[in-house]
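Please read the following walk through the model with the coordinates open beside the text.

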Amino acid sequence: MIKPLGERIVIKVVEDTEQTSGGIFIPDSAKEKPQRGEVVAVGLGKLNDKGEREPMDVKVGDVILYAKYSGTDVKVDGVEYKILSVKDALAVIE
């Protein structure tokens, strides 16, 4: 598994399968980039000026929306993940 450092998180991108009302599937090349993912790992957090760790805003299992072109794509054991800064997480979907 991937262990993120500092204020980074690892997410598994949630792919939406899109199909029109007529039953036609939209190919990946025609879709917009997904912006939703499930948090699978969280770093320890940012160190503040006093040397203390600031708490992270997300936790493992959260489904988040993230900035469109953020993060770095990685593949581990055939599974695609994205590593991004917690600042790029825009919202938690409840």
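A residue is called buried under 20% relative accessible area, exposed over 50%, and partly exposed in between, with a 1.4 Å probe and protein chains only. By that scale Gly61 is partly exposed, because its relative accessible area is 40%. This is a predicted model, in which local features need pLDDT of at least 70 and side-chain atom pairs count only at pLDDT 80 or more, while totals for chains, interfaces and linings use all residues. Residues are numbered from 1 along each chain as its sequence is written, and side-chain values use heavy atoms, with hydrogens and water left out.

Gly61 sits in the loop that runs between E2 and strand E3 (63-66), where strands are DSSP runs of E of at least two residues, numbered from the N terminus. Apart from neighbours within four places in sequence, Gly61 is in contact (heavy atoms within 4.5 Å) with Glu38 and Val39. Val39, in E2, is also the bridge partner of Ile11, and Gly61 and Ile11, although 50 residues apart in sequence, are 9.4 Å apart in space from C-alpha to C-alpha.

Strand E1 (residues 8-13) and strand E2 (residues 36-42) pair in the antiparallel sense over 5 bridges, pairing being assigned if DSSP finds at least two bridges between two strands. They belong to an open sheet of 6 strands with antiparallel pairing and the order E4-E5-E1-E2-E3-E6. Strand E4 (72-76) and strand E6 (89-93) stand at the edges with a single partner strand each, so one side of each has no neighbour in the sheet.

Leu90 lies in strand E6 and is exposed, with a relative accessible area of 58%.

Conventions. Helix = DSSP H or I, 4+ residues; strand = E, 2+ residues; numbered from the N terminus.
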